[in-house]
Amino acid sequence: ATKIADLNSMTFAGHTDWRIPNVAELLTLVKYGTSAPAIEPEFQSGCSPGCTSTTCSCTTNTYYWTSDNAEFAAGYAWVVEFGYGQSTYASKGGNFWLRAVRGG
């Protein structure tokens with residue numbers, strides 16, 4: 001939540017309504033039938049050494065946080081992995097990536 005607050009306070013990309021997506025929203029970015037990363041091309045563009053969040057949209061082959069808690073496991077939340085496009089749950093103490101979204 002701190003990263004989202006930072007994006008909003010700096011009016012990132014001209015907007016102040018950034019938030020963490022839920023698991024269903026994040027799974028809409030998965031491009032099934034592909035891997036490493038399993039994501040639609042527009043979310044994997046301009047990836048070159050030295051690119052920044054304002055000059056490229058790169059996705060790693062790892063886990064990304066969602067806003068959904070794993071109700072059956074206290075202290076856990078749902079994550080989406082873009083290496084193969086799968087979802088699972090992980091400890092909220094984990095160190096994962098975040099892809100912010102707007103609106104909703």
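Predicted model: local features only at pLDDT ≥ 70, side-chain atom pairs only at ≥ 80, totals over all residues.
Residues are numbered from 1 along each chain as its sequence is written, and side-chain values use heavy atoms, leaving out hydrogens and water.

View 1. Three strands form an open sheet in the order 2-3-4, with antiparallel pairing. Strands (E, at least two residues) and helices (H or I, at least four) are DSSP runs numbered from the N terminus, and two strands pair if DSSP finds at least two bridges between them. Strand 2 and strand 4 are the edge strands, each pairing on one side only. On average, neighbouring strands of this sheet are turned by 40° against each other, direction ignored; the axes are lines fitted to C-alpha atoms, for helices over the stretch in contact, and angles run from 0 to 180 degrees between N-to-C directions. Strand 2 and strand 3 are joined by 4 bridges.

**View 2. The aromatic pair of Y64 and F82.** The structure holds 9 aromatic pairs, defined for rings of Phe, Tyr and Trp (its six-membered ring) with centres within 6.5 Å; planes under 30 degrees apart count as stacked, over 60 as edge-to-face and the rest as tilted. Y64 and F82 are edge-to-face, at 5.3 Å centre to centre and 80° between the planes. Y64 lies in strand 2 (residues 63-69) and F82 in the loop between strand 3 (76-81) and strand 4 (86-91), 18 residues apart. Relative accessible area (1.4 Å probe, protein chains only) under 20% means buried, over 50% exposed, and in between partly exposed. Y64 is buried at 2%, and F82 is buried at 0%.

View 3. F72, Y76, W78 and Y89 form one aromatic cluster. F72 is exposed, with a relative accessible area of 55%, while W78 is partly exposed at 24%.

**View 4. Contacts of R102.** R102 forms a salt bridge with D17, the closest N and O atoms being 2.7 Å apart; the term denotes a side-chain nitrogen of Lys or Arg within 4 Å of a carboxyl oxygen of Asp or Glu. Because D17 lies in the loop between helix 1 (2-9) and strand 1 (18-19) and R102 in strand 5 (residues 101-102), the pair ties together parts 85 residues apart in sequence. D17 is partly exposed at 35%.
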